[in-house]
Every structure is written in structure tokens, then in C-alpha cells.
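Subject: Structure handover

Dear colleague,

I am passing on the structure below, and my notes on it follow. Please read them with the model open beside you.

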Amino acid sequence: MRDYFTVAHVMMASDSNEGVIICACKGIRTCLLCEEFKGKGQLKEDGPQVVHHFLYDPVLRLAVREDGEPASFPFPGVFLWENFISEEEEKELISKMDQDVWNQSQSGRRKQDFGPKVNFKKRKVRFGGFSGLPGLSRDLVLRMQQEPTLAGFRPVEQCNLDYHPERGSAIDPHLDDSWLWGEHLVTINMLSDTTLAMSLEQGLAELGLAEEVQVAVHLPRRSLVVLHSEARHRWKHAIHRKDIHGRRVCSTYRELSAEFLPGGQQAELGAQLLNIALSFQGTPV
């Protein structure tokens with residue numbers, strides 16, 4: 001399986017004129033194409049020497065020590081909805097996605113974007129070819145809004161990401177933008193279970209934990225997870241390579257920040273973006 005997959009993707013990713021292996025990784029980010037065929041290797045520095053590991057309990061909404069110690073602490077801002085979609089819906093969604101083009105992205109991922117073109121450094125937004133969210137998302141969004149946490153959720157962007165262990169797919173710890181994107185990040189996890197790694201590099205002084213703290217949030221197949229409040233704005237989130245055990249596809253939905261909503265400085269632009277998004281007539285941009 002490995003040899004066939006690697007050769008096939010090398011051929012797809014090769015420059016026809018020079019025979020050079022290409023991918024979308026930049027800077028310190030790598031995938032297996034970088035590491036095995038470009039000699040890029042793992043450029044990242046070693047992680048912290050001491051890390052305090054916790055597991056998220058979605059029933060108690062607590063972070064519980066992995067080593068069995070009694071220590072735990074409240075972990076607000078994570079909502080998990082298991083079996084959000086059915087097996088039949090998952091099959092239909094993946095089939096439709098695979099009919100569209102998957103574009104190479106960094107760290108071994110592939111992606112499909114349904115949203116405006118954004119320059120976060122210059123804080124500029126343009127419509128580009130944005131034609132709305134895909135049609136199959138209409139019922140999913142209506143279902144999301146039945147949950148009180150998401151009662152007013154109106155997504156303006158959808159990003160589909162495709163992970164595969166043969167590409168070494170991952171996404172580094174990061175905080176999503178909060179200039180354009182609003183309070184809730186909503187993700188549907190498909191095709192395989194994985195773990196969402198939440199991290200706080202500065203530790204938790206109030207608990208006597210001076211070193212980095214990591215909380216592992218288990219994401220079952222076909223589940224939906226919402227990040228908001230502290231989990232959205234304070235804790236970085238990541239998907240590590242070691243937690244991709246089979247093909248994984250996720251759809252992440254983002255809403256607008258207050259600046260682009262009624263009463264905000266860019267409310268008119270926000271209204272235009274929402275009108276396009278919620279037409280549910282989109283194709284990938």
C-alpha cells in the first residue's frame with residue numbers, strides 16, 4: 001500500500017519539465033514528500049522537556065490527568081456532539097467532495113475552500129470566486145442551530161481538509177484568526193477517529209503547572225466539535241501526525257466576528273458575505 005500510494009502521489013506532484021518533487025509545505029512545515037524526496041527532513045525544534053498531559057471528559061467537561069492522578073480542572077469552551085451525521089450522510093458528503101478538486105495544502109493536507117479571499121496581514125477581504133457554501137451543508141447548518149450553543153450560528157466560510165497517514169498529514173498548534181472569524185469554530189470529523197490536541201505553552205500557574213499543558217480531546221468518527229470561549233481564544237489546537245490512522249476528512253465552519261455583524265464597522269460587507277454564503281450554491285474557490 002505504501003509503495004503504490006507514494007509513487008502515485010510522486011507522479012501527481014512532479015514537475016513535468018524538471019522532475020522535481022513539489023508540495024505545498026513552506027518554512028518549517030513538512031510532509032512525507034518533503035522529508036523523503038526533497039531531503040527537507042524534520043526541521044522543527046524538539047518539543048518542551050516537560051509537558052503535563054490531560055484527557056478531556058465530555059460528560060464532566062473536565063480535563064483529567066492521563067497518568068491517573070486525581071488532579072483535574074474545568075475545561076470550558078468545548079462541545080462534542082457524537083454521531084452528528086449518519087453513515088449514509090457521511091458517504092454522501094465524501095462522495096460529493098471527491099467529485100470536486102482537492103488542492104494541495106501544507107503539512108500533507110489537501111483542501112477545498114468555500115469562502116471569501118482573505119489577506120489576514122493586511123486585513124482585506126474580497127469576494128473572489130466565492131459563490132456560497134455547498135448545497136449539502138444547508139441541512140447540516142440547520143441541525144447545528146438546534147443545539148443551544150449554536151442557536152445563532154451563521155457560517156460564512158467552510159473549509160474541507162483531507163488527511164492521510166501516507167502523506168504524513170497534520171496541522172500545527174495554532175489559534176484561528178479573530179479579526180474576521182467569530183466566536184465559534186465548528187468541525188465535523190469524518191472517516192476515522194482522531195484526537196484534537198489542545199495546548200497552553202505558558203502552563204497553568206493557578207494549578208501550579210508552570211510547564212506546557214496539553215489536553216487531548218477524542219473526536220469520534222462522524223462527530224461534531226465546537227470550540228468557543230477559552231478553548232477558542234486561549235488554547236491552541238492541533239492534529240498531530242501520530243493521530244491520523246486512516247483517511248480523515250473534516251469540514252470546518254466559521255462565522256463572522258462582531259466587526260462584520262450589525263453595528264460593526266464592516267457590517268455592510270458582512271451582510272453581503274452572509275447572503276452569498278447562505279445561498280448554499282457554492283463550488284470550491
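Two strands are said to pair if DSSP finds at least two bridges between them, and strands themselves (E, at least two residues) are DSSP runs numbered from the N terminus. This is a predicted model, in which local features need pLDDT of at least 70 and side-chain atom pairs count only at pLDDT 80 or more, while totals for chains, interfaces and linings use all residues. Residues are numbered from 1 along each chain as its sequence is written, and side-chain values use heavy atoms, with hydrogens and water left out.

E11 (181-190) pairs with E14 in the antiparallel sense over four bridges, where Val 186 stands opposite Val 226. E11 also pairs with E16, again antiparallel, over seven bridges, and there Leu 185 faces Arg 254 as its opposite residue. Nine of the 10 residues of E11 are buried, that is, under 20% relative accessible area with a 1.4 Å probe and protein chains only.

Elsewhere, an open sheet of seven strands with mixed pairing runs in the order E3-E2-E1-E13-E12-E15-E10. Strands E3 (72-74) and E10 (171-174) stand at its edges with a single partner strand each, so one side of each is left without a neighbour in the sheet. Within this sheet, E12 (residues 194-200) and E13 (residues 212-219) pair in the antiparallel sense over seven bridges, with Leu 200 opposite Val 213.

Best wishes

Key: Buried < 20%, exposed > 50% of the residue type's maximum accessible area, 1.4 Å probe, protein only.
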